[in-house]
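Please look through the sequence and the model shown below before reading on. The report that follows takes up the core, the sheets and some helices in turn.

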Amino acid sequence: MRVGILTGGGDCQGLNAAIRAVAKSLMLNYQAEIIGIEDGFAGLIERRVRPLSYADCSGILSQGGTILGTSNKASPFNYQGQDCAKAVVDYYHELALDAVVVIGGDGSMSIAYELSKLGMNLVGVPKTIDNDLMCTERTFGFDTAVSIVTDALDRLRTTGHSHKRVMILETMGRYAGWIALYAGVAGGADVILLPEFPYDIDEVVRACKQRASDQQYSIIVVAEGAKPLGGKLSVQQTVANSPEPVRLGGIGEALKHQLEQHLQAEIRSTSLGHIQRGGTPTATDRIFATNVGRYAADLVAQGQFGQVVVQQNNQLTSVPLAQVANQSRGVTLDDTTMITAMSLGISFGRDDLRVDSHSRYLVSNS
């Protein structure tokens, strides 16, 4: 077999672990030849590939980023204003590839699905710090990002306590609040604001005032895609000719200015930005990336193309690309960690999100 590997979309921790697992599993168990595709789908568009040896895939398990490079601006269907999909398919056949393993998030899986309809044999591997890929309980990169945000919250807590301040931490996550939710619970946040549930500023003020009377400081975690009721998303910039042109950011500062109109306490806002994507992956992400990479290699060897490796009920399986493409998975009211957070009295900036103390069922008026 001759198999290509590419990493698409935003970088994250665990990509090299996945590359290593796919390549070594195919080399050792199926005597495959591995072709590394550089900079995501851009490598197929611009004809930039290179062979990967066993040695190339050794010693990279703990490295962040990706040895192949990546791009979140390289859709074959709209690359610098041109539709290059046919040229990509032709190059795939010219390379005599039996399959390509696409390691990416929802954007990469959507591109892979469209290319699969044009005759390419593709298998998807789920990665994104946002944890918002459909049909899977987990994506690698998420655990490391949550750990980084949790560490930041621990540090912000000490300065918030010392100065009796309201400390706001803005997280990544796009239109899903998984990083904010999990890190907020792990870091003991008082308020967590998520894209899935627009917040009422009066409720956030009420929560901060209550915390001020109890502990004299407040910790707020806000996801970059959060917005006030009836308000708009905070857009940092718009990138032309990108599969995802809208780049979110700035909600932390916007929330700070909102709260300053109602609170006497000093308020500080911090945005971790790309720090959440970088550095060494956690052991959990290394193991998960290795497991899904090996599973993807087996799918390729078995000729099960057009599939994405997913985790369901804590077990690895696969689903068709069509079930993942052009969709994303957000936080829901029945999520265990969401229920736990509400049970602990964490505010979500809404007075209609709570847990009934008798039935334990969620109560929401909206």
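## Ile103 and the nonpolar cores

Leaving aside neighbours within four places in sequence, Ile103 is in contact with Ile5, Leu6, Thr7, Gly8, Leu15, Ala18, Ile19, Met109, Val125, Lys127 and Phe140, where contact means heavy atoms within 4.5 Å. A second, separate core of 30 residues includes Ile35, Ala42, Leu122 and Val319. In the largest nonpolar core, which has 65 residues, Ile103 is one of those that touch the most other members, together with Ile34, Phe140, Leu194, Met338 and Phe348. A nonpolar core is here a set of buried Ala, Val, Leu, Ile, Met, Phe, Trp, Tyr and Cys residues joined through side-chain atoms within 4.5 Å, and buried means under 20% relative accessible area, exposed over 50%, and partly exposed in between, with a 1.4 Å probe and protein chains only.

The model is a predicted one, in which local features need pLDDT of at least 70 and side-chain atom pairs count only at pLDDT 80 or more, while totals for chains, interfaces and linings use all residues. Residues are numbered from 1 along each chain as its sequence is written, and side-chain values use heavy atoms, with hydrogens and water left out.

## The sheet of seven strands

An open sheet of 7 strands has the order E3-E2-E1-E4-E5-E12-E13, and its pairing is mixed. Its edge strands, each of which pairs on one side only, are E3 (49-52) and E13 (315-320). From one strand to the next the twist averages 30°. Helices (H or I, at least four residues) and strands (E, at least two) are DSSP runs numbered from the N terminus, and two strands pair if DSSP finds at least two bridges between them.

Within this sheet, strand E1 (residues 2-7) pairs with strand E4 (residues 99-104) in the parallel sense over 5 bridges, and Val3 stands opposite Ala99 in E4. Strands E12 and E13, by contrast, run antiparallel and are joined by 6 bridges, with Val319 in E13 as the bridge partner of Val308. These two strands form a hairpin with 2 residues between them, and Asn313 in the turn has a positive phi of about 55°.

## Asp298 in helix H9

Asp298 lies in helix H9. Is this residue, Asp298, buried or exposed? At 16% relative accessibility, Asp298 counts as buried. The side chain of Asp298 also makes a polar contact with the side chain of Tyr30, at 2.9 Å; a polar contact is a pair of N or O atoms within 3.5 Å, where within protein one must be able to donate a hydrogen and the other to accept it, and residues adjacent in sequence count only if both atoms are side-chain atoms.

## The sheet of four strands

Another open sheet is formed by 4 strands in the order E7-E8-E6-E11, with parallel pairing. E7 and E11 stand at the edges with a single partner strand each, so one side of each is left without a neighbour in the sheet. Neighbouring strands of this sheet are turned by 15° against each other on average, direction ignored. Strands E6 and E8 run parallel and are joined by 6 bridges, and Thr171 stands opposite Ala223 in E8.

Helix H5 (residues 142-163) packs on this sheet, touching E6, E8 and E11, and its direction makes about 165° with that of E6. Helix H6 (residues 178-186) lies across E6, E7 and E8, running at about 170° to E7. For these angles, axes are lines fitted to C-alpha atoms, for helices over the stretch in contact, and angles run from 0 to 180 degrees between N-to-C directions.

The buried residues of H6 are Trp178, Ile179, Ala180, Leu181, Ala183 and Gly184, and what covers them includes H5, E6, E7, E8 and helix H10 (336-343). After H6 comes Gly188, whose phi is positive, near 70°.

In helix H8 (residues 251-260), the buried residues are Ile251, Gly252, Leu255, Lys256 and Leu259. Seen down the axis of H8, these residues fall within an arc of 140°, so they line one face of the helix; the arc is that of the directions from the helix axis to the C-beta atoms. They pack against strand E6 (166-171), strand E7 (191-193), helix H7 (201-214), strand E8 (218-223) and strand E11 (267-271).
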